[in-house]
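Thanks for coming. I will walk through a few places in this structure, one at a time. Please have the sequence and the model open while I talk.

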Amino acid sequence: MEVSHSFFSHSNLLVLFMFFAAVSAADLYSQTLLSLKSELTDDYYTLKDWYVPSGENPSPKIYACSWSGVKCNNNSVTGLDLSMKRLSGSISGDRVNFSVFTDLLDLNLSYNSFSGKLPVSMFTLANLTSLDISRNNFSGQFPAGVSGLKNLVVFDAFSNSFSGSLPVEVSQLQNLKILNLAGSYFKGPIPQEYGNFQSLQFIHLAGNMLNGNIPPELGKLKTVTHMEIGYNTYQGGIPWQLGNMSQLQYLDIAYANLSESIPRELGNLTKLESLFLFRNQLSGSIPVDFSKLQSLISLDLSDNLISGPISDSLLELKNLKLLSLFYNEMSGVVPEGIAELPSLESLLIWNNYFSGNLPQNLGRNSNLMWVDVSTNNFNGSIPPDICVKGVLFKLMLFSNNFSGSLAPSLSNCSSLVRLRLEDNSFSGEIPLRFSHLRDLSYVDLSKNKLTGGIPIDIDQAPKLEYFNMSNNPELGGTIPAVTWSLPLLQNFSASSCSILGNLPPFGSCKSISVIELNMNSISGAISESVSNCLALERIDLANNNLSGHIPEELASLPALRVLDLSHNSLNGPIPSKFGSSSSLSLLNVSFNDISGTIPSGKVVRTMGSSAFVGNSRLCGEPLRSCPSSVAIFGSRGIGRLIWVLLLCAGIVMFLTLSVLGVLYFQKGSRGQWKMVSFSGLPQSTAKDVLKSFNSIESMDDTLPPISASVCKAVLPTGITVSVKKLEWDPNIAKDMLPFITQIGNARHKNLIRLLGFCYNKHLVYLLYDYLPNGSLSENISVKREWAAKYKIVVSIARGLCFLHHECHPAIAHGDLRSSNIVFDETMEPHLTEFGLKHLLELNKTSGTAETPAMYTGATNSSAEELYRDVYSFGEIMLEILTNGKLTNSGASLHNKSREIVLRDIINEHEVGSNTLVQEEIKWVLEVATLCTRIRSSDRPSMKDTLKLLQAP
C-alpha cells in the first residue's frame, strides 16, 4: 500500500512538473498568471478558463491571451482586468513576477476583496499607464517604489485600508492625471509636494484621517479640475492660495474641521461648478467675490457658523441649481433676487434666523423641486407660484410664523411628495385636492388655525402614509367616511380640531398603526370593524362624545399598545380579553359609564386606579372590591366578616411588629423598609416586595456592588418585575427621593416604567417592568427589513426626546447604549436605566463636604449631559445601521469616507435599486454624523434630531 501511494505521489509530481515545463516552454505570461491564480481565492470560479489544455505540444502560443480579463497585442500581454470578479486573498509578490509584463499598460484589480500589503513588484511595470486597485482591503503603510511607474496616468486606490502617511513619492509621477487615495486610514498632513504635479486633473484624498493645515502649495495645481480633500480633520482654515487653481470645476472640503472665514480668493475660480464646504466651523459672511463664480451649479455651505444675510453676490449666479445654507447663524430677509435665479432647483436654508417674507416670485422663474426654510422666523404667506412649474416634491415651512391662507397653487401641485407646514399660523380652508396629489406621502398641517374640515377626497391619495392635522382648534367638519381605507396610511392624527360627527367604520384599514382623535366632539359608537386594523398600535379617542360598548374586537388586536377611551360616554363592561393581551401597555377608560368587573390578568393589574376612576358602576382591583366577592357570606354575615378581618389584621399587625422588632435588634441600623408605588403597580407593601425575593436575610447579608445587575422577581400580585438593587449612603438617601420620584413619573411608550421602589437607610430596590425580548445589543445582528430598523431608530429618539424636552426638569439618560435598550413583546424598544448614572455617581461623592445640586432634588441636567446623550444616540444609530459592525464608532465615522460607509450599509441591507430606501438610509447616516460631532455645541438637540429623522 505504501509503495502504491509513493508511486502515485511521484507520478503527480511528475505530471505537475511536466505541466509547468510545457507552460514555461510556451510562455512566461501564462506561468506568471497561473502563479497569481494559485494565490487567490476564487469561490465563484470566475477564473475557471485560466488553464493550459493537457496533451498539447509546446508551441509559441500564449495561452493567457484567450483567458478572461487578459488583453494581448502582438503576442504580448498589454492589459489585465480582474475587476468585479469577487476574488480575495493576498498577493505576496514573491511568487508573482510582475516584471515579466514589460508591455502591460492597464492593470485593474478593483471591486474585489484583496487584502494584505500591496506587492512592491507591481512598481516594476515601467510602461503601466493605469493602475486601479480601488475597493479592496489592501492594508499597511503604502510601500516605497511607486515612482518607478514613470508612465502612470491613472492611479486609483480608493476605498482600501492603507495606514501611515500619504506617499510623498507619488508626486514624482509627472504624467499622472488622476490620483485617488480616498477612503483609507492615511494619517498626518497632506504633503506639500502634492503641489508639484504638472499634469494632474483629478485628486481625491477624502475620508482618511488626515490632519494638520491644508498646504497652500496645492494652489499651484493649475491643471486640476476636480479636488476632494474633505472628511478629514484639518487645523486652521482654507488657504487663500486655492483661489489660484484656475481650472478647478469641483471643490469638496466638507466635514474637515475647517475654521476661520471663507477666503474671498475662491471667487477667482471662475470655472467652478460645485463647491461643497458643509459641516465645518467656517465663520464670517459669504464673500462678495462669489459673484464671479458664474459657472457655479451647486453651493453647499450648510452646517457651519456663517452669519449675516444672504449675499447679493449669489444673485448673479444664473446657473445655480443648489443653494444649501441650513444650520448656520444667518439672518435678515431672503432677497427677491433669489426668486429670479433661472436654474434654482433646491433652496435649503432651514435652522437659521431668517425673517420677513419669502420672495413672492419664488417658483415662477425656475424648476423649483425642494424648498426647506423650516425653523426660522419667516412670516407672511406662501408664494403663490411656488409650484407653478409642476416639479416641486418637497415643501418644508414648519416652525415659522407664516400666516394667511394656504397657497391655491398647492392644490394642483401633483408632484408633491412631502408637505410640512406645521407650527405656523395658517388660516382658512385647506385647498388641497388629494385627487391631484397622487404621489403625496407625508402631510403635516398641525399647530395652525385652519378651518373647513378635512378634505373629503383624502381617500384619493393612494400613497399617503402620514397625515397630521392636530391642534387646529377651529378646523371642524367630520372624518371622511373612507379615510381608513387608504392602502398605505400609517398615522392619522387630528387631535384638538373640534371635529364632529360619528367615527367612521374602519373598513380595510390594513396598514394604519396610529389613530389620534382626542379632544374633539366625535360621537356614536366604535365600530366592530376595528378588527380589520391588525397593525393598529395606538388609538387615542379620549375627550369625545363616544357612546355604546367597547368592542370586544379591540381587545383582540395583536399589536395594540395604547388605548385611551377616557372622558367619553361609553357603557357596558370592559372586554375580558384585555386581561390577557400580550401587547397592551396602557389602557385608560376613566370617566365613562363603564360597569361590571375590571378584567383580571397581569396586564390590566399593571394599570393604576387612575385608568378606571370616574365609572361609578365599575369595581374590582385596583378599584373597590365588587359586591360579589362578599356575597357568599350573605347579607347578615357581612358584619361577622368585618370582625374576622379586623381580628386577622390585628394578629398580622402584632406578628409583623414582633418580627420587625426582632430584626431591628438583630441587625441594628438597617432601618425600616418603606414602599413607594407609581402608576401601573397595584398597591403593595414593602413586605410584599421583599417576600418576592429569595429571603430578606440573604439579600441583606450579601450586599452586591453598586453596579449590581438586574434580576427578575414575581410579586405576590403575579406581576413579573425587573429589580435593580443599589446601595446608598444614609445621609443622602432622603435627598435622592425626589429624583427617583421624577423617574417614576416619567411615562412614555419608549421608556421602561419604574413601577415603584422599596428602600431603607442603606438599600433601595427599583422595580421596573419586565420586558421579555432582550436588549438591542442581544438582538443587534438580527436580520430586519429597513422599515423595521427605521422604526426602532425613531422610537429610541422619541423616548430620549421625551426625557430631554418633556420632563421638567430635563432628565439626562447618562448611560445610553444598546444594552440599555430593551424590547417588549411586539419588539417595541424601551430605554432603561435612564437617570441611574446620577445615583451611581452620588455614592462616589457621598463622603464629600458638598453634594452636587443634581442630587438634592434639583435634577435639571446640564446641556453637556444632554448632548452626551445625543452623541450616544448617534453611535446607536450607527450600530443599528451596520448590524453591530460599527460599535462606539462615533469618532471614527468622521475619519471615514461617507461614500464608503454608505455603500457598505446599503449592500448590507440588500435594497437593490430601491432609491427611496437608499435615500432614507443616507439621511439617517447623515443624522448620525450630526449627532456624533466632536464639539457638543455643534450637535443638534434631541428635539431637532427627531425632527431631522422625520424629515426625509
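Take the bond between Cys 387 and Cys 413: the torsion about its S-S bond is about 75 degrees, so this disulfide is right-handed. The two cysteines sit in separate loops, Cys 387 between strand 24 (377–380) and strand 25 (394–396), and Cys 413 between strand 26 (401–404) and strand 27 (418–420). They are 26 residues apart, and the pair links distant parts of the chain. The sulfur atoms of Cys 387 and Cys 413 are 1.8 Å apart, and both residues are buried. Keep in mind that this is a predicted model.

How many disulfides does a search of the whole structure find? The search gives 4. For anyone new to the term, a disulfide is a covalent bond between the sulfur atoms of two cysteines. Counting bonded cysteines along the chain, the pattern is 1-2, 3-4, 5-6, 7-8.

Next is the pair Cys 509 and Cys 533, with sulfur atoms 1.9 Å apart. Is this disulfide left-handed or right-handed? It is left-handed, because the torsion about the S-S bond of Cys 509 and Cys 533 is about -100 degrees. Cys 509 is buried, and Cys 533 is buried as well.

The disulfide between Cys 619 and Cys 626 has an S to S distance of 1.9 Å. Its torsion about the S-S bond is 100 degrees, and the link is right-handed. Cys 619 has a relative accessibility of 7%, so it counts as buried. Cys 626 comes to 10% and therefore counts as buried too. The cut-off for buried is under 20% relative accessible area.

Cys 801 has a relative accessible area of 7% and is buried. Cys 807, at 9% relative accessibility, counts as buried.

Where does Leu 166 lie? Leu 166 is in the loop between strand 9 (161–165) and strand 10 (178–180). With a relative accessible area of 3%, Leu 166 is buried. What does Leu 166 touch, leaving out residues up to four places away in sequence? Its contacts are Leu 181, Phe 186, Lys 187, Pro 189, Ile 190, Pro 191, Tyr 194, Leu 205 and Leu 210. One of these contacts is Pro 191, which is 25 residues from Leu 166 along the chain, with 7.2 Å between their C-alpha atoms.

Ser 818 is buried, its relative accessible area being 8%. Leaving out residues up to four places away in sequence, Ser 818 touches Ser 775, Leu 776, Ser 777, Ile 876 and Glu 879.

Let me turn to strand 46, residues 763–769. Strand 46 is mostly covered, with 7 of its 7 residues buried. Which strands does it pair with? One partner is strand 44 (residues 720–727), antiparallel to strand 46 over 7 bridges. Within that pairing, Lys 725 has Tyr 765 of strand 46 as its bridge partner. Another partner is strand 45 (residues 754–759), which runs antiparallel to strand 46 and is joined to it by 5 bridges. Here Gly 756 has Leu 767 of strand 46 as its bridge partner. Strand 45 and strand 46 form a hairpin, with 3 residues between them.

On to helix 14, residues 915–931. Helix 14 has 17 residues and reaches 24 Å from its first C-alpha to its last, close to the 24 Å expected at 1.5 Å a residue. Buried residues in helix 14 include Val 917, Ile 921, Val 924 and Leu 925. The list of buried residues also includes Glu 926 and Cys 931.

Last, the cavities. The count comes to 2 cavities of 30 Å³ or more. How much space lies in the largest cavity? About 100 Å³. The largest cavity is lined by 11 residues, and the closest to its centre are Trp 350, Asn 351, Phe 398, Lys 947 and Leu 948. Which helix gives the most to the lining of the largest cavity? Helix 15 (residues 942–949) does, with 3 residues.

Note on methods: Residues are numbered from 1 along each chain as its sequence is written. This is a predicted model: local features need pLDDT of at least 70, side-chain atom pairs count only at pLDDT 80 or more; totals for chains, interfaces and linings use all residues. Side-chain values use heavy atoms; hydrogens and water are left out. Helices (H or I, at least four residues) and strands (E, at least two) are DSSP runs, numbered from the N terminus. Buried means under 20% relative accessible area, exposed over 50%, partly exposed in between (1.4 Å probe, protein chains only). Contact means heavy atoms within 4.5 Å. Two strands pair if DSSP finds at least two bridges between them. A disulfide is a pair of cysteine sulfur atoms within 2.5 Å. The expected span of a helix is 1.5 Å times one less than its number of residues. On a 1 Å grid over the protein atoms alone, a cavity is a set of points where a 1.4 Å probe fits but cannot get out, and a pocket is an open set with protein on both sides within 12 Å along at least five of seven lines; lining residues have an atom within 4 Å of a point. Grid points are joined across faces, edges and corners, and a volume is the space filled by probe spheres set on the points.
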